[in-house]
Amino acid sequence: MTETANTTSSYKASLKSLDTEEGIDLVFYRPIGYAWACLAKKLGVTPNAITIASIFLGIGAGIAFYYNNIWINVLGMFLLIWANSFDSADGQLARMTKQYSRIGRILDGVSGNLWFITIYLAICLRENVTSEFFSAHPWVIWVMAVVTGLCHAKQAAMADYYRQFHLYFLKGEEGSELDSTTALRATYAALPWKGNFMKKLTMWFYINYTANQEAFTPAMQALREALRRRFGNATAPQKFRDDFHRMSLPLMKYTNILSFNWRCIALFVSLFLRMPWLYFAFELVVLNVLLVYMVWRHERICRTLTNDLNNGKY
């Protein structure tokens, strides 16, 4: 096999799945992330170290968005793009080197939250200084930020959950990071606090995160239970997996819109317009409507497949 073929094969192996990859990622972030991952592999840098570096870059971007100066804002845009290329690289490096860990998955989620917490704070502080309306009514922008932040967390969590569920049936357990609170709580209970304080603490937060995902998807949980009753720990038959893939694939574009890239575009547009509060409006209106539609569609798919299972189709 030629060196070019080896590189191409290694690059493809660093991707989760073409089903769940967003177009902008494939064209821009994944190639850059792969280059960072290859460099990190040569230098012995771990995925978690790259994630931590992305936190500082993302926080720096948020600070730059505070200033009502377009050139400083452009610097912040560059830092945010750089941070997201690292966010791509850490996952690609983990897949290339088989350095998977639940701590890494949690840290990856924390990094994005810290970026956007900083960005939200910067927008609020900036609007309270530069906007006549928000200067007169400072509480409005802070309420918008809190509500938007809660919605953002739910949107990102559900998008991630649906991608992992899709990957579970596409690539199997090893190709997915789908978890269940039952298994997580058993692991948590078996882990002693002594010598494992941070691991135990992060697991507690992750269990609650997963429990919130499950509470929002009752039909999905009913389908998972029906599969357990029918097949136990065995893999679902190929016919079921093919049917799920066919029905789930059209929804992957919505999970991608609810992820980073389209948020980033909306944020940058609002900054160029000198009205960063518009970013909050985009998340509150456009992305929430998309979230509700995505959940409704996915729950309907799960109910259909559960009925088919119970009726002996598979």
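I count two rings of Phe, Tyr or Trp (its six-membered ring) as a pair if their centres lie within 6.5 Å; planes under 30 degrees apart are stacked, over 60 edge-to-face, and the rest tilted. With that rule I searched the whole structure and got 26 aromatic pairs.

Before going on, some ground rules. This is a predicted model, where local features need pLDDT of at least 70 and side-chain atom pairs count only at pLDDT 80 or more, while totals for chains, interfaces and linings use all residues. Residues are numbered from 1 along each chain as its sequence is written, and side-chain values use heavy atoms, with hydrogens and water left out.

**Aromatic pairs**

I looked up F78 and W82 and found a tilted pair, 5.8 Å centre to centre with 50 degrees between the planes. They are separated by about one helical turn, because they sit 4 residues apart in helix α4 (residues 70–97). I take helices as DSSP runs of H or I with at least four residues, numbered from the N terminus. W82 has 31% relative accessibility, so I noted W82 as partly exposed; buried means under 20% relative accessible area, exposed over 50%, and partly exposed in between (1.4 Å probe, protein chains only).

**Charges over rings**

Here I want NZ of Lys or CZ of Arg within 6 Å of the ring centre and within 35 degrees of the ring normal. K154 has its charged end over the ring of F216, 4.5 Å from the centre. K200 lies over the face of Y188, 4.2 Å from the ring centre.

**Q221**

Is Q221 buried or exposed? Q221, in helix α10 (residues 218–231), has a relative accessible area of 19%, so Q221 is buried. Leaving out residues up to four places away in sequence, I found Q221 touching Y161 and E214 (contact means heavy atoms within 4.5 Å).

**Helices α13 and α14**

Last, I checked helix α13 (residues 260–272) against helix α14 (residues 277–310): their axes come within 8 Å and cross at roughly 145 degrees. Axes are lines fitted to C-alpha atoms over the stretch in contact, and angles run from 0 to 180 degrees between N-to-C directions. On the α13 side, W262, R263, A266, L267 and S270 make the contact, and on the α14 side L278, Y279, F282, E283 and L287.

Key
Helices (H or I, at least four residues) and strands (E, at least two) are DSSP runs, numbered from the N terminus.
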